[in-house]
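Student: I would like to go through this model by way of its sheet and its aromatic rings. Can we take it in short steps?

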Amino acid sequence: MSLPSAKIKPNTVWYSLWLIPMITLILTAITLFQSEFRKGPIISIQLQQGYGLKPGDPLRYRGISIGKVESVALASNLMKHIIVNVRLSHEARNIARSGSLFWVVRPQVGIQNITGLDTLIGRKYLSVLPGHGVYRNSFIGLENPPIHKMMASEGLEVLLRAKHNGGVSPGSLVKY
């Protein structure tokens, strides 16, 4: 007695072979969509000087990288400014609000302090102090860090006026 032989239809084999590339294509499309969706917005920062910034340099807030420089170019208006385009990370998209302050961190030596020494050896980077206004995508950067705004809000604020500065500069310690 012979066993009945199972016949495989040729169409079933071809459908099975096409199933693997179709699943791969769908998974690739989902992955690309998710990676594009997770990207943050691009913001534009106008600066007086570039200070050696280049694409790939980070934007940092409190020492944490929250974006990357996409491009650095001279402005078209008689090349008086530098335009830096920064892609924010998805989690940091709320940094792009009116009142946000951006500046290039660079080595600075003063009587009272030394800042930005990590940029002598490491990469240059932008830093930000977030604002609380409406969403924006264009900003004018600062030449120097906003020391007065970075200090703790608690305490006494004193305004000194004099004909000569006597060696007092922004960020100088006041002792009593």
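The questions below go from the sheet to one strand, then to one residue, and end with the rings.

Tutor: Keep in mind that this is a predicted model.

Student: Which strands are the edge strands of the open sheet of seven strands?

Tutor: The strand order is β5-β8-β2-β3-β4-β1-β9, with mixed pairing. An edge strand pairs on one side only, and the strands that do so are β5 and β9.

Student: In which sense do β5 and β8 pair, parallel or antiparallel?

Tutor: On one side of β8, strand β2 (residues 58-61) is joined to β8 by two bridges and runs parallel; there L59 has L126 as its bridge partner. The sense of the β5 and β8 pairing is antiparallel.

Student: Is S127 buried or exposed?

Tutor: S127 sits in strand β8 (residues 125-129), where four of the five residues are buried. Its contacts, leaving out residues up to four places away in sequence, are L59, R60, L101, F102, W103 and V105. Buried means under 20% relative accessible area. The value for S127 is 12%, so S127 is buried.

Student: Which backbone oxygen does the side chain of S127 reach?

Tutor: R60 is one of the residues that S127 touches. The side chain of S127 comes to 3.4 Å from a backbone oxygen, that of R60.

Student: Why does the aromatic pair of F102 and F139 count as tilted?

Tutor: The structure holds one aromatic pair. Its ring centres, those of F102 and F139, are 4.9 Å apart. Planes under 30 degrees apart count as stacked and over 60 as edge-to-face, with the rest as tilted. The planes of F102 and F139 are at 55°, so the pair is tilted.

Student: How many residues apart in sequence are the parts that this pair ties together?

Tutor: Both F102 and F139 are buried. F102 belongs to strand β5 (residues 101-105) and F139 to strand β9 (residues 138-140), so the pair ties together parts whose separation in sequence is 37 residues.

Student: Which residue lies over the face of F139?

Tutor: Elsewhere, R60 lies over the face of Y125, at 4.1 Å from the ring centre. For F139, the distance to the ring centre is 5.0 Å, and the residue over its face is R136.

Definitions and conventions:
Residues are numbered from 1 along each chain as its sequence is written. This is a predicted model: local features need pLDDT of at least 70, side-chain atom pairs count only at pLDDT 80 or more; totals for chains, interfaces and linings use all residues. Side-chain values use heavy atoms; hydrogens and water are left out. Rings of Phe, Tyr and Trp (its six-membered ring) pair if their centres lie within 6.5 Å; planes under 30 degrees apart count as stacked, over 60 as edge-to-face and the rest as tilted. Buried means under 20% relative accessible area, exposed over 50%, partly exposed in between (1.4 Å probe, protein chains only). A charge sits over a ring if NZ of Lys or CZ of Arg is within 6 Å of the ring centre and within 35 degrees of the ring normal. A polar contact is a pair of N or O atoms within 3.5 Å; within protein, one must be able to donate a hydrogen and the other to accept it, and residues adjacent in sequence count only if both atoms are side-chain atoms. Contact means heavy atoms within 4.5 Å. Two strands pair if DSSP finds at least two bridges between them.
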